[in-house]
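Biologist: I am new to this structure and would like to learn how to read its features. Please show it, and then we can go through them.

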Amino acid sequence: MNKELAHHYAVALLDLAKSDFSSLRHDLEKAEKILENEKVFSYLSSPRLGRNGRLDLSKIVFSSFSSPLKGLLLSLSMHRHISYFKDIKKATIELMDDKEGIERGIIWSVRPLKKEEIKGMEETLTRKEGHQVVLENRLDPSLKGGVCITLHEKRYDGSVKEKMRQLEHFLLNGGKYGQ
């Protein structure tokens, strides 16, 4: 889906949701989990089910959602555009984060981090950056140890891999930094 079109859907969804962002976030996550089920996804995008069939199924599957999100999901499935949902969800979360002053980043590590470890790094970065930081843990065995954090254009690299690269650079430059 075109990013601009996803953005338009997201703006409309936020306008309809007013400022009830926490329940919208919850519903977006719940909808994504439902759509990860291959059978549900294939039925909601199947031409064989027909427009009314997809609409009826959508009404059942998405019955617990708030009106704005339910309306969007019904429309997407009815027109066989349910595959656009992930892009619209991403654009909606980006807009909500922007309005709430939240910056999302990724914390790369060799092993899964405990919630307390992630929370500690989020708190440290929130103080350093001056706005709320939320981190998602992803695994990267090539780091060898430590962590690497990416926030938009910034990179905080405390990995063993980076320390080894710095040491190699230092030794190759005759024990001098920055040359």
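Biologist: Which classes of residue make up the lining of the second largest pocket?

Modeller: A pocket is an open set of points on a 1 Å grid over the protein atoms alone, where a 1.4 Å probe fits, with protein on both sides within 12 Å along at least five of seven lines; lining residues have an atom within 4 Å of a point. Ala, Val, Leu, Ile, Met, Phe, Trp, Tyr, Cys and Pro count as nonpolar, Asp, Glu, Lys and Arg as charged, and the others, Gly among them, as polar. Here the lining has 4 nonpolar, 1 polar and 5 charged residues. This is a predicted model, in which local features need pLDDT of at least 70 and side-chain atom pairs pLDDT 80 or more, while totals for chains, interfaces and linings use all residues. Residues are numbered from 1 along each chain as its sequence is written, and side-chain values use heavy atoms, without hydrogens and water.

Biologist: Which element gives the most to that lining?

Modeller: Helices (H or I, at least four residues) and strands (E, at least two) are DSSP runs, numbered from the N terminus. For the second largest pocket it is α6, with 6 residues.

Biologist: How is the largest pocket lined?

Modeller: It has 20 lining residues, with K90, I93, E94, D97 and R104 nearest its centre. Again α6 gives the most, 7 residues. By class, the lining of the largest pocket has 12 charged, 5 nonpolar and 3 polar residues.

Biologist: Is E29 buried, exposed or partly exposed, and why?

Modeller: Buried means under 20% relative accessible area, exposed over 50%, and partly exposed in between (1.4 Å probe, protein chains only). E29 has 36% relative accessibility, so it counts as partly exposed. E29 belongs to helix α2. Beyond neighbours within four places in sequence, E29 is in contact (heavy atoms within 4.5 Å) with K89 and I93.

Biologist: What should I look for in a nonpolar core?

Modeller: In soluble globular proteins, nonpolar side chains tend to be buried together. A nonpolar core is a set of buried Ala, Val, Leu, Ile, Met, Phe, Trp, Tyr and Cys residues joined through side-chain atoms within 4.5 Å. The largest one here has 25 residues, and those with the most contacts inside it include L28, L73 and F85. The most residues in this core come from α6, which gives 6. A second, separate core has 9 residues, among them L125 and V133.
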